Amino acid sequence: MVFNTAVHYCDLLIAVGARFDDRVTGNTEAFAAEAKKIHIDIDPTAISKNVKVDVPIVGDVKKVLQKLAQMVEPLDTTDWLQTIRQWKSEHPLRYRKGKLIRMQYVIQKIGEITKGDAVIISDVGQHQMWAAQFFNIFIRGHTSHRAA
């Protein structure tokens with residue numbers, strides 16, 4: 001919910017190697033409708049395939065991101081990140097608990113036990129979304145969900 005809300009209300013969306021398939025976008029016409037979109041991909045046929053972008057960039061992601069980092073000034077995102085934290089507190093990720101062990105619980109526990117220092121590999125399907133939502137990553141002392 002929070003990821004979708006953040007994408008919906010963002011003013012700039014930078015997609016790196018994203019497919020923009022219907023599982024990500026829902027209605028492609030309404031997807032991040034107010035945002036400027038930058039799409040970086042090594043495959044030129046992937047860009048604007050499902051979602052029209054404002055700035056197409058074809059190239060090796062590592063090289064492109066290194067060049068872009070040299071071109072932009074840091075931006076104060078404090079207010080935006082606070083808004084996202086507020087949404088997360090109002091609408092936390094959850095799953096039904098019961099007698100059965102849920103996959104979301106297993107993924108969450110792996111994240112806690114490894115402190116996010118693990119390689120997660122997922123096939124296509126619902127468990128791919130659970131891995132993105134429930135495997136916490138730890139960056140410079142902060143805990144964060146990959147999905148938001």
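This is a predicted model: local features need pLDDT of at least 70, side-chain atom pairs count only at pLDDT 80 or more; totals for chains, interfaces and linings use all residues.
## A pair in the sheet

Alanine 15 sits opposite histidine 39 of strand β2. Residues are numbered from 1 along each chain as its sequence is written, and side-chain values use heavy atoms, leaving out hydrogens and water.

## The whole sheet

Let's step back. Three strands make an open sheet in the order β1-β2-β3, with parallel pairing. Because β1 and β3 stand at the edges with a single partner strand each, one side of each has no neighbour in the sheet. Strands (E, at least two residues) and helices (H or I, at least four) are DSSP runs, numbered from the N terminus, and two strands pair if DSSP finds at least two bridges between them.

Strand β1 (residues 12-16) pairs with β2 over 5 bridges, while 4 bridges join β2 to β3 (residues 55-58). How many of the 6 residues of β2 (residues 36-41) are buried? The number is 5. Buried means under 20% relative accessible area, exposed over 50%, and partly exposed in between, using a 1.4 Å probe and protein chains only.

## A residue in a loop

Now for a loop: isoleucine 120 lies between α5 (103-114) and α6 (126-134). Why does isoleucine 120 count as partly exposed? Because its relative accessibility is 36%.
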